[in-house]
Amino acid sequence: ARIALRQLLDHAAEYGYGVPAFNINNMEQGLAVMEAAAACDAPVILQASKGARAYAKDIMLARMIEALSEIYPAIPICVHQDHGSDEATCMTAIRHGFTSVMMDGSLEADAKTPSSYEYNVAITERVTRIAHWLGVSVEGELGVLGSLESGTGAAEDGHGAVGALSHEQLLTDPDQAVDFVARTGVDALAIACGTSHGAYKFTRAPDGDILAMSVIQAIHLKLPNTHLVMHGSSSVPQEMQDVINRFGGRMPQTYGVPIEEIERGIRHGVRKVNIDTDCRMAMAGQFRKIAAEHPEEFDPRKFLKPAMDALRNLCRDRFERFGTAGNA
Ligand code: G3H
Ligand code: 13P
Ligand code: ZN
């Protein structure tokens, strides 16, 4: 059955667990996430970006999620718009059965200049008011996702750089977070703590200088009842980099967010943990492996099945580590 983000995260807060939000774009990803959830009895957040909606088409995604909930009737499914950039994106998502939307007003690059902060508050409040009339939850974002190492922020697609940003702009201000939540009424708040989207988050294993988990603790102290969301939460596991590189890939050495840090976040109010890159790497590694080991192969299923298995194993691990398992 479908569930709004609010109900799901209220339960997660009551029982002290986190919920991974996996990005999906197609049937194989949807099936793999659901297989993992069913195997460990976990509720799920399936999230689609604007890019995913354009790729699969809204009607295909909507009907696919309807089918997934029929195949797995015991698993609560939250269908979430990832990084909605405007009212139209959020409203059309709701029209297609999404139970939650992210209104990301932080995409106006510099969220700390007074005008763009006011812009973020106004558009997020507007979307939240309408979404709540319709029983749909809203995630807002305060702070710009980006690298504390390079001092660059994320571009609108979440994968480029908009240019130089100060250390301050790259970390959510706890007092501003209190004001933002009070004025917008959001159900969940995405914060910036030094993570960035994509595989290249850190050039070394992160410490407190470049991954500022202390910001999460500070925000949670001021907003104990607000569900926090961590974007850019892929761990970019070494073994996945190795599989990709062993079979012809060329990914330079990189570091993601250690699972222990996410677990620490969950102890301090993080309830939704966004993961896309790890899912992509899990599948891509298997595509490369099959292509290298079986060059005679051309049946797409022979590539997709091992890729789905790898994704399912990844999802299952995160459900178990975040405490989501057993809570469906
Ligand atoms: O926020 C970024 C997510 O990884 C989604 O990426 O816009 O390429 O679908 P995408
Ligand atoms: P990753 O690129 O770390 O997987 O982050 C995904 C994300 O935040 C989607 O909103
Ligand atoms: Zn994100």
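Me: A residue is buried if 20 or more other C-beta atoms lie within 10 Å of its own, exposed if 12 or fewer do, and partly exposed in between, with C-beta atoms placed from the backbone. The model is predicted: local features need pLDDT of at least 70, side-chain atom pairs count only at pLDDT 80 or more, and totals for chains, interfaces and linings use all residues. Residues are numbered from 1 along each chain as its sequence is written, while chains are lettered from A and ligands numbered from 1 in the order in which they are written. Which residues are exposed on the other side of α7?

Reply: Helices (H or I, at least four residues) and strands (E, at least two) are DSSP runs numbered from the N terminus. Helix α7, residues 174-184, has Ala-177, Phe-180, Val-181 and Thr-184 as its buried residues. These fall within an arc of 95° seen down the axis of α7, so they line one face of the helix; the arc is that of the directions from the helix axis to the C-beta atoms. The exposed residues on the other side are Asp-175 and Ala-182.

Me: What is the phi of Gly-185, the residue after α7?

Reply: Gly-185 follows α7. Its phi is positive, near 75°.

Me: Which elements do the buried residues of α10 pack against?

Reply: The buried residues of α10 (259-267) are Glu-261, Ile-262, Gly-265 and Ile-266. They line one face of the helix, because down its axis they fall within an arc of 150°; Glu-260 and Arg-267 are exposed on the other side. Contact is taken as C-beta atoms, placed from the backbone, within 7 Å. The buried face packs against α8 (213-222), β10 (227-230) and β11.

Me: How many strands make up the closed barrel?

Reply: Two strands pair if DSSP finds at least two bridges between them. The order is β1-β2-β3-β4-β5-β9-β10-β11, with parallel pairing. Neighbouring strands of the sheet are turned by 25° against each other on average, direction ignored. The number of strands in the closed barrel is eight.

Me: Which residue in β9 stands opposite Glu-139?

Reply: Strand β5 (137-142) pairs in the parallel sense with β4 (100-103) over four bridges, and Glu-139 is the bridge partner of Met-102. Four bridges also join β5 to the parallel strand β9 (188-191). There, Glu-139 stands opposite Ala-188.

Me: At about what angle does α4 run to β3?

Reply: Axes are lines fitted to C-alpha atoms, for helices over the stretch in contact, and angles run from 0 to 180 degrees between N-to-C directions. Helix α4 (58-71) holds Met-60, which counts as partly exposed because it has 13 C-beta neighbours inside 10 Å. The helix lies across β2 (44-48) and β3, and its angle to β3 is about 155°.

Me: How many residues surround ligand 2?

Reply: A residue is near a molecule if its C-beta atom, placed from the backbone, lies within 6 Å of it. The closest are His-231, Ser-234, Asn-274, Asp-276 and Thr-277, and β3 (77-84), β11 (270-275) and α11 (277-293) each give two or more residues to the shell. The number of residues that surround ligand 2 is 14.

Note on methods
Contact = placed C-beta atoms within 7 Å.
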